Amino acid sequence: LLDKLDYINSIIAKKRDTLFNPAGFAIDSLRKGVTVPSDFITSRKRKQIVEIQQREIEHQNLQGLRAQAYAQWCDEKVQAEIKRLYKPGELEEEIKKRVPAVLVSYPQLKRSKPEVLKQQAKLVIEREVGESLSLPMEDDWMEMKDYINYQSSLPFLFN
């Protein structure tokens, strides 16, 4: 009945200027057994569609937040390993040694400032250290104890 009323109201809205008695039109339509076309989107269907879309958006947001948390966790592990491997002065020396190799690998940086070259060299070191750590994939990480411990640092993600 609600779907029929929804459909009748949509007809009334379209014919507002030509209908003399909208209430009478509605009653007459109900008495004649008006059927709702299958392609008509009722307010109930619209509400269901919106709810499904909202759940999908929430799911995507959660996936994005989990990926962000995983990336942050990986970065923390890499930074901890770099601190373990290099003392601050040693890291700076390693970065300086890597600059020529960066220029070979990234010739487009030839005219870049020295800070940019050092930053790129540091990124190369971080990538190499990350690869050497054999960190778990995101799905495996979520099953680990580290994931559970990590939840407290990201309360927005796990509430």
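Biologist: Why is Y70 called buried?

Modeller: In this predicted model, Y70 has a relative accessibility of 15%. Buried means under 20%, so Y70 counts as buried.

Biologist: What makes W73 buried or exposed?

Modeller: The relative accessibility of W73 is 4%. Since the limit for a buried residue is under 20%, W73 is therefore classed as buried.

Biologist: How do you know that Y70 and W73 form an aromatic pair, and why is the pair called stacked?

Modeller: By the ring rule, the count comes to four aromatic pairs. One of the aromatic pairs is that of Y7 and F40, which is edge-to-face, with 5.1 Å centre to centre and 75 degrees between the planes. For Y70 and W73, the values are 6.2 Å centre to centre and 25 degrees between the planes. Ring centres must lie within 6.5 Å, and planes under 30 degrees apart count as stacked; the pair of Y70 and W73 is therefore a stacked one.

Biologist: Why are Y70 and W73 separated by about one helical turn?

Modeller: Both belong to helix α3 and are three residues apart, which means a separation of about one helical turn. Y70 and W73 also form one aromatic cluster with W141.

Biologist: What makes the pair of Y7 and F40 edge-to-face?

Modeller: The angle between the planes is 75 degrees. Angles over 60 degrees count as edge-to-face, so this name applies to Y7 and F40. The pair links distant parts of the chain: Y7 lies in helix α1 (residues 2-14) and F40 in the loop between α2 and α3, 33 residues apart.

Biologist: Why do Y7 and F40 count as buried?

Modeller: Y7 has 19% relative accessibility and F40 has 17%. Buried requires a value under 20%, so Y7 is buried, and F40 is buried.

Biologist: What makes L2 count as exposed?

Modeller: L2 lies in helix α1 and has 61% relative accessibility. Exposed means over 50%, so L2 counts as exposed. L2 forms a nonpolar surface patch with L1, L5 and L30, with about 390 Å² of accessible area together.

How values were computed. Residues are numbered from 1 along each chain as its sequence is written. This is a predicted model: local features need pLDDT of at least 70, side-chain atom pairs count only at pLDDT 80 or more; totals for chains, interfaces and linings use all residues. Side-chain values use heavy atoms; hydrogens and water are left out. Rings of Phe, Tyr and Trp (its six-membered ring) pair if their centres lie within 6.5 Å; planes under 30 degrees apart count as stacked, over 60 as edge-to-face and the rest as tilted. Helices (H or I, at least four residues) and strands (E, at least two) are DSSP runs, numbered from the N terminus. Buried means under 20% relative accessible area, exposed over 50%, partly exposed in between (1.4 Å probe, protein chains only). Patches are made of residues with over 30% relative accessible area and no salt bridge: like charges are joined within 9 Å, nonpolar side chains (Val, Leu, Ile, Met, Phe, Trp, Tyr) within 5 Å. Accessible areas come from the Shrake-Rupley method with a 1.4 Å probe; for residues, only the protein chains shown count as cover. A salt bridge is a side-chain nitrogen of Lys or Arg within 4 Å of a carboxyl oxygen of Asp or Glu.
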